[in-house]
Amino acid sequence: MTKGKFGIHGGQFVPETLMNAINEFEEAYNKYKDDPEFVAELDTLMREYAGRPSLLYYAEKMTKDLGGAKIYLKREDLNHTGSHKLNNCLGQCLLAKKMGKTRVIAETGAGQHGVATATVAALLGLECEIFMGKEDTIRQALNVYRMKLLGAKVNAVETGTMTLKDAVNEAMREWTNRVSDTHYVLGSVMGPHPFPTVVRDFQSVIGKEIKSQMLEKEGRLPDVVMACVGGGSNAMGAFYEFIKDENVKLIGCEAAGLGADTPKTAATIATGTLGIFHGMKSYFCQNEYGQIAPVYSISAGLDYPGIGPEHANLADTGRASYVPVTDEEAVNAFEYLSRTEGIIPAIESAHAVAHCMKIAPTMDKDKIIVVNLSGRGDKDVAAIARYRGEDLHD
Amino acid sequence: MTDIKSAFQNGKAFIPFVTAGDPDLETTEKLLIEMSKNGADIIEIGIPFSDPIAEGVVIQEADLRSLSAGTTTDKIFDMVKRIRPQIDAALAVMTYMNPIFVYGTEKFMAKCQECGISAVIVPDTPYEEKHELTDYSGKYGIDVISLIAPTSHERIKMIAKEAEGFVYCVSSMGVTGVRSEITTDVGEMVRLVKSVKDIPCAIGFGISTPEQAKKMSESADGVIVGSAIVKIVAKYGKDCIKPVCDYVNSMKEAIS
């Protein structure tokens, strides 16, 4: 009776206490996803509130500088709240409201999903509580204050590695504690079914827009679509529309931290093994006894020991490839894009920019790469300054 | 050496939980032997997990202490196998799906059988996913214990029909941990189970005092206590054997 499988991955590995809640969520999703009123309401919010469609921008200077493939940037950083996370939050919070829930909770790593959830909660009049690893509340202090401004309560999680994984643990624990009036707005294409499917669907607007914008601008599909991958929501959103277009190469860029061959890494496909955790069967960074590894990346949003089950399956089937990108490469790309195009990317998105910088020069000039620029980098400026040895604090 | 079924034939069953390797495996070894002598009918041995999402802070910290001390699944199995002849109580292991899956589910079940462990309790593996365990457990005679929760409602009968060993009735919302009050109608949960299957029901989550245990035992066949015991272990460390045994004794007495 397993549901929500992607190849061998996925499933619903959660405590019995939550089973009725996730079944109820699945039923609500199936009921509303094609409901004309719901679709119209979400569509209006996406246009009028989030600012969609986001631009597909031809990065001409970067293209000429790298001297190879033509590079387009999908500007999810221009969404309201500064990242792609809002797409999913609008969808899930609207659903939560339809389900009669009055309170939402969410985990956050870099704070982008927390900010997006707090934003939509404010808009729709929902009570909101965010769980964030204590380490991340320090790395992303600005986003913590932003969430508070938006009326959310922020809980600093002091267990485990005090990062994204622990924030998910704590949000799940809180959900088992108070499920009747509360919806857990999971922020990535991970966790138990139906979350990987629901989040993918709400994020798939990214790929749909890329496709139509690309057809309009170039009259053809791109050769490569690439995005950074932690849990994998912006990548899945960008990839999904192109899975059937087999000539479009899909590349996910994982956070390698200090290097995929060091213990200070979060590159799940490169270094992980099959496991069952956080509600899903997928790949995880872990030891031989199934203890989850304390992963590391400069990017709080990619600092996660697992990956969404649909990505794990795309990796198994070879439909998408996943590459590790180090802290140093990502910081270089962060600075490069700022200087070259006047766009400061989120350090998460900079992982994809870094890999683009590697492959674009090796490709012919008539090839086209789309990089999903999942978020803006204002939140990272202080951390990057510190990485470069400057004593700058938020 | 008792099995699950006969563990419920000595009046109401008292089922204590300990995290293996907290503070070290030598202490766990003594605890298993002595708790069995002092009224434990089934002992739940917790195999620590780095990210125990169904546990409250007391057992989370115990898992961390144990893992930091170098405890591994193999070391736990080795210890249990060695001392099994000295333990009268039935044994169950409680852990999460990942430590079992990564160990190799079939190998894990075979090891349980080899060590005289009768059942596994896996709180993050609900009815819909239990095949991950039952595909291998039957061959080695291991019961996969089903949990039902205050939110289970119409799912209870479906779960009970396929339940093995005993049914673990989760008395409270949320994670494991001591609670001052339990408001769930556990009697109703037990009635629903028994309406479809003649199987023992044990109540856990939140129980700490003899009074609570006595009250809970009136509606069920057994009482499970975890965090209250782990708290004693945390307080006394290696010297926890006597205080834990006194506690186990008082709990068994309260429900007898």
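**View 1. Helices lying across strands in chain A.** Axes are lines fitted to C-alpha atoms, for helices over the stretch in contact, and the angles between N-to-C directions run from 0 to 180 degrees. In this predicted model, helix α14 (residues 327-341) of chain A lies across β10 and β13 of chain A, and its direction makes about 90 degrees with β13(A). Helix α13 (residues 309-317) of chain A lies across β9 (224-229), β10 (249-257) and β13 of chain A, running at about 110 degrees to β13(A).

**View 2. The six-stranded open sheet of chain A.** With mixed pairing, the strands of this open sheet follow the order β3-β4-β14-β9-β10-β13 in chain A. At its edges stand β3 (56-58) and β13 (320-326) of chain A, each of which pairs on one side only. On average, and with direction ignored, neighbouring strands of the sheet are turned by 30 degrees against each other. Within the sheet, strand β4 (residues 70-75) of chain A and strand β14 (residues 368-373) of chain A are joined in the parallel sense by six bridges, and A:K70 has A:I368 in β14(A) as its bridge partner.

**View 3. The two domains of chain A and the contact between them.** The domain assignment divides chain A into domain 1 (5-46 + 84-199) and domain 2 (51-82 + 204-387), and the centres of these domains, taken over C-alpha atoms, are 22 Å apart. Where the domains meet, 40 residues of domain 1 of chain A are in contact with 42 residues of domain 2 of chain A. On the side of domain 1 that touches domain 2, the elements giving two or more residues are β2 (9-13), α4 (85-98), α5 (112-124), α6 (134-139), α7 (141-149), α8 (164-177) and α9 (195-203) of chain A. The largest share of this side, five residues, is given by β2(A), and by class the side holds 17 nonpolar, 19 polar and four charged residues.

**View 4. Helices α5 and α7 of chain A.** The axes of α5(A) and α7(A) come within 9 Å and cross at roughly 10 degrees. Because angles under 35 degrees count as roughly parallel, α5(A) is roughly parallel to α7(A). From α5(A), the residues A:G114, A:V115 and A:A118 meet A:N143, A:R146 and A:M147 of α7(A), a contact that has three nonpolar, two polar and one charged residues by class.

**View 5. The contact between chain A and chain B.** Chain A brings 29 residues to this contact and chain B brings 32 residues. The elements that give two or more residues to the side of chain A touching chain B are β2, α1 (16-32), α8 and β11 (273-277) of chain A, and the largest share, six residues, comes from α8(A). By class, this side of chain A has 11 nonpolar, 14 polar and four charged residues.

View 6. Strand β3 (residues 90-94) of chain B is mostly covered, with five of its five residues buried. In a regular strand the side chains alternate between the two faces of the sheet. Here B:A90, B:A92 and B:M94 point one way from β3(B), whereas B:L91 and B:V93 point the other way, and all are buried. Strand β2 (residues 42-46) of chain B pairs with β3(B) in the parallel sense over five bridges, among them the one in which B:L91 of β3(B) is the partner of B:I43. Three bridges join β3(B) to strand β4 (residues 119-121) of chain B, and these two strands also run parallel; the bridge partner of B:A92 in β4(B) is B:A119.

Methods:
Residues numbered from 1 in each chain as written. Chains lettered and ligands numbered in written order. Predicted model: local features only at pLDDT ≥ 70, side-chain atom pairs only at ≥ 80, totals over all residues. Domains from an automatic or database assignment. Contact = placed C-beta atoms within 7 Å. Helix = DSSP H or I, 4+ residues; strand = E, 2+ residues; numbered from the N terminus. Nonpolar A, V, L, I, M, F, W, Y, C, P; charged D, E, K, R; others polar. Parallel < 35°, antiparallel > 145°, perpendicular 65-115°, else oblique. Buried ≥ 20, exposed ≤ 12 C-beta atoms within 10 Å, placed from the backbone. Pairing = 2+ DSSP bridges.
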